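Please open the model in a viewer and keep the selection panel at hand.

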Amino acid sequence: MNIQPFSLLVLSLCGYVIGAAGSLLFMRREKLANVFSFGVGSLSALGGLLAALAYLSAGPGAAVSKVDLLPSFIPYIQFTVRLDPLGAFFLLIVSLLGVALSIYSLGYARGFYGRKNVGVLGAFFNLLLLATTVVFLAGNAFFFLIAWEIMALTAYCLVSFEHEKVETRNAGVLFFIMSHIGTGCLILGFLLLFQASGSYDFDGFHLLGNTMSPGKRDAAFLLFLVGFGVKAGIVPLHIWLPAAHPVAPSNVSALMSGVIIKTGIYGLTRVLFDFLGTPPNWWGVTVLSIGTISAVLGVLYALMEHDLKRLLAYHSIENIGIILMGLGASLMFLHSGHPALASLALIAGLYHTINHAVFKALLFLGAGAVLHATHTRNMEEMGGLAKRMRWTALFFLVGAVAISALPPLNGFVSEWLTYQSLLQGFGTTTSLVRIMFPISGAMLALTGALAAACFVKAFGITFLAQPRSDHAAQAHEASFTMLLGQGILTAACVFLGLFPAIFLKWLDPVTQQLTGQQISAQLSAANGLVLSNTAAQGGTVSMLGLALLGLSLLAVPLVLWLLFATRAKTRRGPTWDCGLRGLTPQMEYTATGFSNQSG
Amino acid sequence: MIFKALFRPRREVQREYDFSPYFTTTLRFESHVEEVFQTRIYRPLNRLVLGVSRRLRALQAGSIQAYLIYIFITLLLLLLFAL
């Protein structure tokens, strides 16, 4: 592989810097600052996206490219940027979201004109994208931690952007404190690794755990689990998440939920699969249990929310749980010596990572458009928006179907892969912990059902029926750039759902790097039209087939209508309103009533 | 309700009526779900940390002499351990 994707990547990093600097330079002229910062931001992200795609599609043979961004003056610290398969996969996520969110922000930031400083927003937004990209690409523990802290600081500044409100300030401080507890654990963890290897280079950490003493290895595991877990938002370290996500501007919430919490997943994957070597069984059991608990509790709390953005924030906890189920199962398979199954579970986790990034960002952008139009986050004051915001409603519906793991969209593919790996897990070991697999599988099923119920509520109460407030009645459709941002993510949801075989091929380099296996060829059958698990009790599913089936079912009501309704007598009258004077919003189901907590 | 232990729901309904409870004139409804993790884990933890720091404040007398003593004692202990 030539150096081309890598130079594109370095160009994109420079682009973010230019975007941030220009945004501050044009601070006094808000329109120019808006267009410049988010325009440059989207172009830089596009560069990163192309680099990641070129690198991953080149196949498992692609060499790891490295470059020192700055000369190093201090021993042990190198500012090395390194593009390897795992980093490239997460680069794909951050860049894809960077493109969509920057375009969306062009329209969204107009809502701040005359009220807030758009230049500052744009500068921090670009810096956050830059820092997050560097987190995924850093090749040195010190450089990683520096980028990690810049990311936390800029995220803090963005969360507290509307700092006039007490709620926002409190949420920002909570995020700040939790984030630092996490970083403290990370520093200790990296020091343990340094003690064993003698350098801070990630190259030197590769499979380091196999030479460490078991006690230190376990300590490092726990420190990294807490450190990255805070950022990922695992239960019980999740409390900053439902506080910070809702109060941030919506483009920032989408970035936080889509990418920032994924840095925790990146860190865990990097450390557990790349650095710490063959895991003892209890690591996998711990990660799987935490995943299961997070998934169930996250969705239960989400069901109780009627603040649209808080509801989405709790769903992030749920989805992080599902991702961790995949990673945990993968660790357990690595322990019991089933590398192919471990790759399947790892792929399930990583696939869900990008899926969640895409659909959760999409939903947050939809929530942002609704917030922009109605000036409230309370679902009880919404309703009837589908008539006034047609496109937003459609995009939100696609996101809701995807997150509820309904076929044929992307959420279904990754949850199907997770089920496949969990269901096969029972036979891989004879120890008692195998009971974890069916329990987690059942919990995942429960989670999926509750998530679907929750999004029936979120979509129904927000977009259907009559408006419950004047704001909702006067809502207007979002601007073109805001819709375009959502459209890109909607297209990504559909692509990841309908063509998993293409995407799985791009995951081959990652599994080759981490488990030494490539299984995309085994997973796809019939020229990539069918997704199939070739193991003994494996299942088979065709996403395109499901989509076509769904479409052809649309014909059934048409046929029935032609057969019966055309001949039937039609009578028009008012809807039955119990003898009162017309239907009013007061008769509608409320969000609270939908998930009645005391009934 | 199954998840009562988790959610600890609280619901308050106040209604005012003139002659019959079926014809309510004003209705006030409030419901609340407790966040168990906040109240059961983080609040006690918070209280503990603040309590300990309040005790430790005694050490921060602001007197340079006292700090020099602390440094001296620490150094002494370290040397004793090292030798």
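Helices and strands, as named here, are DSSP runs numbered from the N terminus, with a helix holding at least four residues and a strand at least two. With that convention, A:Pro236 falls in the loop between helix H8 (214-232) and helix H9 (240-247) of chain A. Please bear in mind throughout that this is a predicted model.

**First stop: two cis peptide bonds**

Select A:Val235 together with A:Pro236. The peptide bond from A:Val235 to A:Pro236 is cis, and its omega is near 5°. Most peptide bonds are trans.

Next, select A:Pro407 and A:Pro408. These two residues are likewise joined by a cis peptide bond, with omega about 5°. A:Pro408 belongs to the loop between helix H15 (390-403) and helix H16 (410-425) of chain A.

**Second stop: positive phi outside glycine**

Move to A:His375, in the loop between H13 and helix H14 (385-388) of chain A. Although A:His375 is not a glycine, its phi is positive, at about 60°. Is A:His375 buried or exposed? Its relative accessible area is 60%, and the threshold for exposed is over 50%, so A:His375 counts as exposed.

Then select A:Ala465, which sits in the loop between helix H17 (436-463) and helix H18 (470-473) of chain A. A:Ala465 also has a positive phi, about 65°, without being a glycine. With a relative accessible area of 42%, A:Ala465 is partly exposed. As background to both selections, most residues other than glycine have a negative phi.

Select A:Asp274, in helix H10 (residues 250-275) of chain A. A:Asp274 is classed as buried because its relative accessible area is 3%, and buried means under 20%. Which side chain makes a polar contact with the side chain of A:Asp274? Display A:His206: its side chain makes this contact, at 2.5 Å.

The largest nonpolar core comprises 212 residues. Select A:Phe89, A:Phe144 and A:Phe190, the residues with the most contacts inside this core. Helix H13 (residues 339-374) of chain A is the element that gives the most to the core, with 23 residues.

Now centre the view on A:Phe89. Setting aside residues up to four places away in sequence, A:Phe89 touches A:Leu56, A:Leu350, A:Ile354, A:Phe503, A:Leu507 and A:Val510.

**Last stop: where chain A meets chain B**

Display both chains. The contact draws 16 residues from chain A and 17 residues from chain B. Between them, chain A and chain B bury about 1500 Å², of which 67% is on carbon and sulfur atoms. How many salt bridges are there between chain A and chain B? The count is zero. Across the interface of chain A and chain B there are two residue pairs in polar contact, both at pLDDT 80 or more.

For the side of chain A that touches chain B, select helix H11 (281-303) and helix H12 (308-335) of chain A, the elements that give two or more residues to that side. H11(A) provides the largest share, three residues. Coloured by residue type, this side of chain A divides into 10 nonpolar, five polar and one charged.

Technical notes:
Residues numbered from 1 in each chain as written. Chains lettered and ligands numbered in written order. Predicted model: local features only at pLDDT ≥ 70, side-chain atom pairs only at ≥ 80, totals over all residues. Heavy atoms only, no water. Contact = heavy atoms within 4.5 Å. Buried area = accessible area lost by both parts, 1.4 Å probe. Salt bridge = Lys/Arg side-chain N within 4 Å of Asp/Glu carboxyl O. Polar contact = N/O pair within 3.5 Å; in protein donor to acceptor, adjacent residues only side chain to side chain. Nonpolar A, V, L, I, M, F, W, Y, C, P; charged D, E, K, R; others polar. Core = buried A, V, L, I, M, F, W, Y, C linked by side-chain atoms within 4.5 Å. Buried < 20%, exposed > 50% of the residue type's maximum accessible area, 1.4 Å probe, protein only.
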